[in-house]
Amino acid sequence: MSIKAYNTLTRKKEELVPREEGKVSMYVCGPTVYNYIHIGNARTFINFDMIRRYLRFAGFEVTYVQNITDVDDKIIGKASEEGVSTGAVAEKYRVAFEEDMAALGIEPPDIAPRATECIPDMLEFIEALLEKGYAYESDGDVYFEVEKFADYGKLSRRNLEEQRMTVQCEVEAARKRDPFDFALWKASKPGEPSWESPWGPGRPGWHIECSTMSIKYLGTGFDIHGGGQDLIFPHHENEIAQSEAYADGALFVRYWLHSGMLNIDREKMSKSLGNIELLRDILSEHDADTVRMLMLGTHYRSPLSFGDNSLAEAHASLSRIRNCAFNLEDLIRKAEGEKAGLHHSDRQTMLVHFLNEAEDEFRKHMDDDFNSAAALGVVFGVVREINSYLDEAGDIKTPAGKLVLLEARRVLDGLCGALGLFQGAAEAESSVERVPAAGGPAGAQGPSREQLIELLLRVRETAREGRNFEFADRIRDGLAELGVRVEDVQDGFRWRLER
Ligand code: AMP
Ligand code: ZN
């Protein structure tokens, strides 16, 4: 078992060797809760969910911490815009965030600390930095003095002198000694949320929140710190400076993993361009696995351009896997009474061999910096092979071999599960029970295309039971025109989308 991950700190793929054998500790920057999350945020959270799941699939025990930033300038801005308290804004969007994560089938973190619950820890952290001479107080604010930390810039590899030229003008207005110094503590203005501190009432800066919460729950030197690439500078650079200064130079994080940005038609999502796509709006029309499929199709570090066709294409790919899984399920049900004999035909032996090789290849791609796009290619290969086997088994009317079917299901389910596909709360399996004779999946969100097809097919069944064959045939022909092939089988029907 050897996984390589690209470490932003070293700009290299490195073998992932956790601090403690067999256990991976990871911290991912959570949302600032002042709005509903957009599809770009969703990409980052899906990517880290995929990484977490794959680490577990590979045999690691994973502890996943993800914070909630519930005190911040943006929250204060939103509260004054809407005329409500900052607490009300934060609570509303925290709950919305958790709903969105559940709707996406993202596993909740093991620990989800909120910044406002860890203020005493942050105060202690800041006091230690002052004592060690890395910070200074200025008019009720406390700043980290970047000059004092020799390694500043090691993550983002920014040339500070060049940067200094561009930000020079901002320094006069601020209460800092140097433009790169950043706030650990901010004196609060009237009406803003505030906590008592040795420097007067105020609130923590964003960077100190993440250093404090990650070290509090995982200790210095934990394994993976994640977030979107937009957080490399200044957020993560500043986290390193504070945390390593605090720990007298001890390494803060072993591997820095950053997820690529999602852009809309190659442009950055931004309020001024008016192109922000909220996850909620997308989930009202597409199911969660379609969204996940779209994200998995691009390597987590590459940029992803989200366009009009993206979701339709992802849906078509997803349907190929779903249809295969359902046809497989259908045959397994029919093989219920069959003995699980050990004598396989050559064709069956070939399939089992193919499946086992595919599993190895899937791992090889995922071990190589979590290459989900290449791993999905392997899943499609598995689908093609199972489909052709099922077609042949159907054509030659021989028992399909129960053990072989079960093995095919184990492999397909295992690989999809390792990527987090079909793991959502309201997933397709239940529809198999509700419609025992049907094939075809159901989506997690609202009525999906599959659910509507099934509904039509049930109407058709009722028509057939009432011997209204003309009506039943009209439904079948209508579906055929839409590319849905329906087959009547012994105890019901099967359907699939024509490829
Ligand atoms: P925020 O609440 O803005 O701190 O964002 C939450 C997470 O989403 C962070 O890890 C960001 O890096 C990430 N993020 C923000 N915008 C995008 C985007 N357009 N594409 C991918 N990830 C993003
Ligand atoms: Zn953070």
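User: Where in this predicted model is R11 placed?

Analyst: R11 is placed in the loop between β1 (4–7) and β2. The model is predicted.

User: What makes the backbone of R11 worth a remark?

Analyst: R11 has a positive phi of about 60° although it is not a glycine. Most residues other than glycine have a negative phi.

User: Why is R11 called partly exposed?

Analyst: The relative accessibility of R11 is 31%. Buried means under 20% and exposed means over 50%. The value for R11 falls in between, so R11 counts as partly exposed.

User: Which backbone angle of R157 is positive, and where does R157 lie?

Analyst: The phi of R157 is positive, at about 50°, although R157 is not a glycine. R157 lies in the loop between β6 and α5. With 47% relative accessibility, R157 counts as partly exposed, because the exposed class begins over 50%.

User: What is the peptide bond between F233 and P234, cis or trans?

Analyst: The bond joining F233 and P234 is cis, with omega at about 0°. P234 has its place in helix α7 (residues 232–246). Most peptide bonds are trans.

User: How do you know that K13 and D368 form a salt bridge?

Analyst: The closest N and O atoms of K13 and D368 are 2.9 Å apart. The cut-off between a Lys or Arg side-chain nitrogen and an Asp or Glu carboxyl oxygen is within 4 Å, so the pair qualifies. By this rule the count comes to 37 salt bridges.

User: What makes the K13 and D368 pair a link between distant parts of the chain?

Analyst: K13 is in strand β2 (residues 12–15), whereas D368 is in the loop between α11 (346–367) and α12 (372–396), and the two are 355 residues apart. K13 is partly exposed at 40% relative accessibility, and D368 is partly exposed at 35%.

User: Why does the D73 and R203 pair tie together separate parts of the sequence?

Analyst: D73 lies in helix α2 (residues 73–82) and R203 in strand β8 (residues 202–204), so the pair ties together parts that are 130 residues apart in sequence. The N to O distance in this salt bridge is 2.8 Å, which meets the cut-off of within 4 Å.

User: Which residues are linked in a network of salt bridges?

Analyst: The network links D49, R53, R56, E107 and R292.

User: Why are β4 and β10 placed at the edges of their sheet?

Analyst: The four strands of this open sheet are in the order β4-β3-β9-β10, with parallel pairing. β4 (61–66) and β10 (253–259) each have a single partner strand, so one side of each is left without a neighbour in the sheet. Neighbouring strands are turned by 25° against each other on average, direction ignored.

User: What makes β3 and β4 a pair?

Analyst: Six bridges join strand β3 (residues 23–28) to β4. Pairing requires at least two bridges, so these strands pair. In β4, V65 is the bridge partner of Y27.

User: Why is A408 called buried?

Analyst: The relative accessibility of A408 is 1%, and the buried class is under 20%, so A408 belongs to it. A408 lies in helix α13 (residues 402–419). Not counting residues up to four places away in sequence, A408 touches L328, L355 and I386.

User: Which residues make the nonpolar surface patch of about 340 Å²?

Analyst: L452, L455, V459 and F471 make the patch. Helix α15 (residues 449–465) gives the largest share, three residues. F471 is found in helix α16 (residues 469–481). The relative accessible area of F471 is 38%, and patch residues need over 30%, so F471 passes on that point.

How values were computed
Residues numbered from 1 in each chain as written. Chains lettered and ligands numbered in written order. Predicted model: local features only at pLDDT ≥ 70, side-chain atom pairs only at ≥ 80, totals over all residues. Heavy atoms only, no water. Axes fitted to C-alpha atoms, helices over the stretch in contact; angles between N-to-C directions. Patch = residues over 30% accessible without salt bridge, like charges linked within 9 Å, V, L, I, M, F, W, Y side chains within 5 Å. Areas by Shrake-Rupley, 256 points an atom, 1.4 Å probe, with all protein chains shown as cover. Buried < 20%, exposed > 50% of the residue type's maximum accessible area, 1.4 Å probe, protein only. Contact = heavy atoms within 4.5 Å.
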